[in-house]
Amino acid sequence: MSMFNVLVVGQTGCGKSSVVNILAGESRAPTSDDLGHCTKHWTEYAILVDGRSFQVFDTIGFLEPGLDTKGYTDAIANTYLAIDVLRKRGGIDLVLYCVRDGEIEKMKGHYRLLHEVFCEEEVPVALVVTNRGVSHKSYKAIFRSHKIAYVDYVCANIASTPGPGSSAADTESQKAIKELLVKCCDAGPNPRSTLQQLWRRVQKLVGTDQSQSLKRNEVSTLLTQRCKMQQAVADQLLAALDLQLPSSRLQRAPYAGAVTHELPSSENSAGTRDEQISDAMPSSGSQLHSVGDSTSLHSHSDN
């Protein structure tokens with residue numbers, strides 16, 4: 001059966017695990033009200049939404065590098081391990097980026113790390129703005145001002161997991177997040193420009209297409225220039241990613257296109273990192289039908 005691979009990411013304490021529980025309709029992922037790590041390593045959950053099968057990967061929250069550089073680089077490296085598993089399974093259908101209201105300006109570097117370094121840029125990104133109540137604020141202009149490319153976003157109340165006796169805000173948030181997940185996975189990959197598509201075809205014809213991997217020096221440049229990471233932090237992250245040799249390459253995850261393969265067994269559906277890897281390759285996927293702010297898509301010329 002078709003299965004959608006979803007990567008859930010965000011800073012520590014932003015409510016990632018709560019979003020996973022909202023999708024599942026029950027408390028499956030550990031949560032915490034403080035800013036400490038409640039997710040210690042990436043964890044996989046099989047979740048059904050509107051008859052569709054999703055493998056949802058909950059990842060370690062990002063800390064601020066200035067607070068704990070080793071904790072920061074270890075968390076990023078652990079998130080990359082989840083991305084690499086998804087790459088070997090065929091790729092990622094959607095990155096679900098969770099961000100707290102009021103901290104959007106801090107997400108730009110992390111967003112670029114995921115969108116431009118760890119993943120090929122066709123992988124669509126959807127945003128969940130988490131808060132402790134109902135928000136009717138529009139974030140389109142805010143995302144545009146920070147040059148965050150996304151296919152759609154929702155605001156979600158993550159105070160509790162919806163269930164019997166839940167408030168209208170909880171139920172509304174669950175419905176909104178589920179609709180976002182289904183809509184964005186059905187939409188397809190982020191589109192390339194005509195020039196990018198032609199250049200990619202030429203590279204494939206002559207056998208020089210290396211878009212699914214980056215050289216160590218390319219990763220270093222992206223970390224410092226695009227992600228605005230200090231060189232010392234970038235060097236420590238390169239070491240955590242085992243990219244210490246000049247010849248080392250970072251494998252990027254492609255857009256999956258809802259690859260078809262068997263779901264993991266129930267006993268291995270959560271917390272497993274040594275499961276059997278599928279040989280499925282990504283399908284071509286359909287072109288994106290924009291369901292968000294179409295003016296929010298930007299090229300690398302943006303600073």
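## Strand pairing around β3

In this predicted model, strand β1 (residues 3-10) runs parallel to β3, and the two are paired over six bridges; within β3, the residue standing opposite V6 is V56. Strand β2 (residues 43-49) also pairs with β3, but in the antiparallel sense and over seven bridges, and here A46 has Q55 of β3 as its bridge partner. The hairpin of β2 and β3 has two residues between the strands, and in this hairpin D50 takes a positive phi near 50°.

Strand β3 is mostly covered, since six of its seven residues are buried. D58 belongs to this strand, which spans residues 52-58, and D58 is buried with a relative accessible area of 1%. The side chain of D58 is joined to that of S17 by a polar contact of 2.6 Å.

## Cysteines without a disulfide

The structure holds zero disulfides. For C14, the nearest cysteine sulfur is that of C98, at 5.1 Å, and this separation is too far for a bond.

## Aromatic pairs

Eight aromatic pairs are found in the structure. Because Y139 lies in the loop between β5 (125-131) and α4 (140-145) while Y153 is in strand β6 (residues 152-157), the pair ties together parts that are 14 residues apart in sequence.

Y139 has a relative accessible area of 0% and is buried, and Y153, at 14% relative accessibility, also counts as buried. These two residues belong to a cluster in which ring pairs link Y139, F143, Y150 and Y153.

Helix α3 (residues 108-118) has 10 of its 11 residues buried, so the helix is largely enclosed by the rest of the structure. Among the buried residues of α3 are H110, R112, H115 and E116, together with Y111 and F118.

The side chain of E116 meets that of R226 in a salt bridge, with 2.7 Å from N to O. Since R226 lies in helix α7 (residues 216-226) and E116 in helix α3, this pair ties together parts that are 110 residues apart in sequence. Both R226 and E116 are buried.

## Other salt bridges

A search of the whole structure finds eight salt bridges. One of them joins D74 to K70, whose closest N and O atoms are 2.7 Å apart; both residues lie in helix α2 (residues 69-89), four residues apart, which is about one turn of the helix. In this pair D74 counts as partly exposed, at 35% relative accessibility, whereas K70 counts as exposed, at 52%.

A further salt bridge is formed by the side chains of E103 and R100, at 2.9 Å from N to O. Here E103, at 17% relative accessibility, counts as buried, while R100, at 23%, counts as partly exposed. Salt bridges also link D84, R87 and K88 into a network.

Note on methods:
Residues numbered from 1 in each chain as written. Predicted model: local features only at pLDDT ≥ 70, side-chain atom pairs only at ≥ 80, totals over all residues. Heavy atoms only, no water. Phe/Tyr/Trp six-rings, centres within 6.5 Å; stacked < 30°, edge-to-face > 60°. Buried < 20%, exposed > 50% of the residue type's maximum accessible area, 1.4 Å probe, protein only. Polar contact = N/O pair within 3.5 Å; in protein donor to acceptor, adjacent residues only side chain to side chain. Disulfide = S-S within 2.5 Å. Pairing = 2+ DSSP bridges. Salt bridge = Lys/Arg side-chain N within 4 Å of Asp/Glu carboxyl O.
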